[in-house]
Amino acid sequence: MERDTEGAPRAAQVEGADSVSDGVPPTGGASGDGRRTVEPGSSARPPIADEDVKGRAGTAAPADTQSAVGGAQGADAPVAPASVSAAISDGLDLVLTYLTSIPAWYLATSVDGQPHVRPFSFAALEGGRLWFCTATTKDVWRELSANPRFEATAWWPGHGWLILRGRAGLSGRPGAAVREAGWRHLEGLGERYDGPDDPVLAFFSVEDPEAWVCDHDAWHPIEL
């Protein structure tokens, strides 16, 4: 049975067609089916070839597609909202910014009365929907198939934390740019697939989303 690690914390950012910056070396181990083979100390990651995919959260891309992976840091990080109240109406763009401004965020499922949580590090926005990437061989896919409700959280130091709740849409399929970006991102983390159309590579959308930006005083709802 394959372990759930949707991207161990490591700094990474899609910069377009010719560069990806790596920060923290990958961690983790090989999977039971041989698809996950992370070499300790290796930071190599293939470049993104599709020019439609832009790496900085909030950067507009053709075909109504925005895509990025976690890890923008320092000078490369997206500019934070001036205030929570001024940014709440930004909706899914704000959610994407929180998910892609840190090396990893966490998604929880619940089956048989037992919660399960694991790191994710890929998120994309296409056609007014958020998309996440995983594999049909992973526990998270089986758990979402049994109970599609999930909750995710991302702590962005200095900006509070995001809580995102929703229902996983497992039957949809994102466009080619998102599939390409998701495939290359997971390959960069040491997983192996037969291209972006490998049936084992799985994407799910966030349906019926609810989100809040939180601090120690209040949960501030985001209009989605």
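Predicted model: local features only at pLDDT ≥ 70, side-chain atom pairs only at ≥ 80, totals over all residues.

**Surface and overall make-up.** I looked up the accessible surface of the protein chain, and it comes to about 9700 Å². Carbon and sulfur atoms hold 51% of that surface.

Next I checked how much of the chain is covered. It has 224 residues, and 51% of them count as buried. For secondary structure I noted down 4 helices and 11 strands. Then I turned to contacts between residues with a separation of 6 or more: 69% of these join residues 24 or more positions apart.

**Helix H2.** I wrote down the buried ones: Leu 92, Leu 94, Val 95, Leu 96, Thr 97, Tyr 98, Leu 99 and Thr 100.

**The largest pocket.** I went looking for empty space next. Rolling a probe the size of a water molecule over the atoms shows where such space is left. The largest pocket has a volume of about 160 Å³. It is lined by 14 residues, and those closest to its centre are Gly 172, Arg 173, Leu 201, Ala 202 and Phe 203. I sorted the lining by type and got 8 nonpolar, 2 polar and 4 charged residues.

Which strand gives the most to this lining? That is E10, residues 201–214, with 3 residues. So much for the pocket; the strand gets its own entry.

**Strand E10.** Mostly covered, I noted: 11 of the 14 residues in E10 are buried. I then listed its partners.

- E7 (residues 129–135) pairs with E10 in the antiparallel sense, over 5 bridges. Here Thr 134 stands opposite Ala 202 of E10, and Ala 202 is also one of the residues closest to the pocket centre.
- E9 (residues 161–169) runs antiparallel to E10 too, and 8 bridges join them. Across this pairing, Gly 169 faces Ser 205 in E10.
- E11 (residues 219–221) is joined to E10 by 3 bridges, again antiparallel. Trp 212 has Pro 221 in E11 as its bridge partner. E10 and E11 make a hairpin, with 4 residues between them.

**Strand E8.** What sits on the covered face? I found Phe 150, Ala 152 and Ala 154 there. The uncovered face has Arg 149, Glu 151, Thr 153 and Trp 155.

I followed E8 to its neighbours as well. Strand E4 (residues 105–111) runs antiparallel to E8, with 3 bridges joining the two. Glu 151, from the uncovered face, is the bridge partner of Ala 108.

On to E9, which pairs with E8 over 7 bridges in the antiparallel sense. Arg 149 has Arg 167 in E9 as its bridge partner. E8 and E9 form a hairpin with 5 residues between them. In that turn I picked out Gly 158, which has a positive phi of about 90°.

**Tying it up.** I ended by tracing the strands through E9: this strand pairs with E8, and bridges also join E9 to E10. From E10 I can get back to the largest pocket, as E10 gives the most residues to its lining.

Notes:
Residues numbered from 1 in each chain as written. Heavy atoms only, no water. 1 Å grid on protein atoms, 1.4 Å probe; cavity = no way out; pocket = protein on both sides within 12 Å on 5 of 7 lines; lining within 4 Å. Points joined across faces, edges and corners; volume = space filled by probe spheres on them. Nonpolar A, V, L, I, M, F, W, Y, C, P; charged D, E, K, R; others polar. Buried < 20%, exposed > 50% of the residue type's maximum accessible area, 1.4 Å probe, protein only. Pairing = 2+ DSSP bridges. Contact = heavy atoms within 4.5 Å. Areas by Shrake-Rupley, 256 points an atom, 1.4 Å probe, with all protein chains shown as cover.
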